[in-house]
Amino acid sequence: MTDPVDVPVPTIISQNVLIEPDAVRILDRRVFPFEKTWVTCRNHEEVAKAIEDMVTQSSGPLFAAAGGMTLAARDADRLAAADERREFMAAAGRRLVDTRKTNNQIRDVVAQLLEVTGTALDTGEPLAEAVERAAVAAGERYLSRSRVMGEHAAVLIPDGATVLTHCWAESYITETLAAVLRSGKRVEAICTETRPYLQGARLTSESLAEMGVPTRLITDGMAAHLMSRGQITRFVTAADRITMDGHVVNKVGTLQIAISAHAFDVPYVALVQAPDRQAPSADAVELEDRDGDEVLHTLGRRTASHRVTGIYPAFDITPPRYVRTIVTDRGRFSPQDLESYYAGERA
C-alpha cells in the first residue's frame, strides 16, 4: 500500500479572514499573489465596504461577513437596551447581505448569526462572545462540508484528467483536486484567467500550483478551441448559487464555456454545498451588475480607450441541459433531480 498523498492547503485558503480582538483582517485578494497584505476593518461597515470593493471574492465574503457580524456584536453590547441591540444587529446583517446578493452564502451565514443573536438576547448572554463563537463554527462547517463535497466530486475525475476551471472556486475546487490526489490519481489543471479581476490567473492557478497540480493558464476565449482538440477532460466550476430546477449561477463566462463543453462532449461538473431552496428557478436570483468601468482596467491600469465605456454583468446563468452533474456535500445529483437533496426534510 502506498502512503497517502500529503496535499498542502493553499495560502489563500489557510490565510483568509482573521477575527482578532480589535478588528477583522481580510487578506487582500486584489493584489495576491504579488503582495500579501491585509485590509483592517474596525466595524461591520468597513467589512461591507471591503466586500463591495472585491478585497475578497468567491466564498471569502462568507468568512468576512461572519467577521463583520462579530464586530457588530461587539458594538451592540455597548447599547443599553436589548431591543436596541437586536435592531443594531439586524441592520448590520442587512448591510452585509446587500454587499453581494447573487451568492447566497452571505445571506445564510448572516441568518445563522442573527439566530444566535436572538438566543443570546433572550438569555441575557453578551452578544460578542456568542456571535464570535458561532462565526468561527460557521467557517469551520463550510470547510468541512467542502471537503466532503470534494470527495464526492473526485469520483468524477478520471486518472490522467485535464480539468478546466473558471474563476476562483475557493475550497470547492481545491478540496476536489486534493481528494483526486489523495486517491492516487494524476490530474492537471487549465485555468481561465477570468477578466476583469484575473481571479483565475492570480488565485486559482497559484493555489492549484501550490498543491502540486501541474497548472496552465489560458485566456477566457481559448476554452472551446482546446475542447475541440480533445485537450480538456472535464470542466469543473463552483456555483455561486444553484436553483432547485438546476440552473447554475456563476461567474460570467461560465455559460459560454458550458455550451462549448456540451458541443464537444466534455462533462461539466458544478460544485455547490447545497442547492438553494429559496430559489426555485433562475428568476428568483438577483444577478449583480458591477460598474462597467471595471472592465476598462486590469490590475489598476486602463486597458481601453477613453472613447469607450464598459459593461460588466458579474454573473451568468447556465441552463441545466448543459450541466452533466451537480455535486454537493450529500453526493452527486442530476440537475433535474435536486429535490432529492432535501429528501426527508421539511420545507
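Let's start with a handedness: the crossing of α2 and α3 is left-handed, where left-handed means that the near helix is turned anticlockwise from the far one by less than a right angle, and right-handed means clockwise. Before I go on, a word on what we're looking at. This is a predicted model, where local features need pLDDT of at least 70 and side-chain atom pairs count only at pLDDT 80 or more, while totals for chains, interfaces and linings use all residues. Residues are numbered from 1 along each chain as its sequence is written, and side-chain values use heavy atoms, with hydrogens and water left out.

The element names come from DSSP runs, numbered from the N terminus: helices are H or I with at least four residues, strands are E with at least two.

Okay, back to that helix pair. Helix α2 covers residues 44-52 and helix α3 covers residues 60-76; their axes come within 8 Å and cross at roughly 165°. That makes α2 roughly antiparallel to α3. For the cut-offs, angles under 35 degrees count as roughly parallel, over 145 as roughly antiparallel, 65 to 115 as roughly perpendicular, and the rest as oblique. The axes are lines fitted to C-alpha atoms, for helices over the stretch in contact, and angles run from 0 to 180 degrees between N-to-C directions.

Who touches whom here? From α2 we have H44, V47 and I51, and they meet P61, A64, A65, G68, L71 and A72 in α3. Contact means heavy atoms within 4.5 Å. By type, the residues of this α2 and α3 contact split into 7 nonpolar, 2 polar and no charged. In that scheme Ala, Val, Leu, Ile, Met, Phe, Trp, Tyr, Cys and Pro are nonpolar, Asp, Glu, Lys and Arg are charged, and the others, Gly among them, are polar.

Now α3 again, with another partner. The axes of α3 and helix α5, residues 105-123, come within 9 Å and cross at roughly 30°. So α3 and α5 are roughly parallel to each other, and α3 passes α5 in a right-handed crossing. On the α3 side the contact uses P61, L62, A65, A66 and M69, and on the α5 side Q105, I106, V109, V110, L113 and L114. The tally for α3 with α5 is 10 nonpolar, 1 polar and no charged.

On to the sheets. Strands β1, β2 and β3 form an open sheet of 3 strands in that order, with antiparallel pairing. Two strands pair if DSSP finds at least two bridges between them. The edge strands are β1 (17-19) and β3 (38-41), each pairing on one side only. Neighbouring strands are turned by 20° against each other on average, direction ignored. Strand β2, residues 24-27, is joined to β3 by 4 bridges, and the two run antiparallel; L27 has W38 in β3 as its bridge partner. Our friend α2 shows up here as well: α2 lies across β2 and β3, running at about 145° to β3.

There's another open sheet of 3 strands, in the order β8-β9-β15, and its pairing is antiparallel. At the edges stand β8 (241-242) and β15 (315-318), each with a single partner strand, so one side of each is left without a neighbour in the sheet. Between β8 and β9 there are 2 bridges, with I242 opposite V248 in β9. The β8 and β9 hairpin has 5 residues between the strands, and G246 takes a positive phi near 90° there. Strand β9, residues 248-251, pairs with β15 over 4 bridges. V248 sits opposite T318 in β15, and N250 has D316 as its bridge partner. Helix α10, residues 254-263, lies across β9 and β15 at about 30° to β15.

Last, two loop residues. P196 is in the loop between β5 (187-192) and α8 (199-210). Buried or exposed? P196 is buried, with a relative accessible area of 7%; buried is under 20%, exposed over 50%, partly exposed in between, using a 1.4 Å probe and protein chains only. Leaving aside neighbours within four places in sequence, P196 contacts K251, E294, V295, H297 and Y312.

Q273 is in the loop between β10 (268-271) and β11 (289-290). Q273 counts as buried too, at 7% relative accessibility. Not counting residues up to four places away in sequence, Q273 touches Y142, R145, S146, M149, Y172, T328, D329 and Y341.
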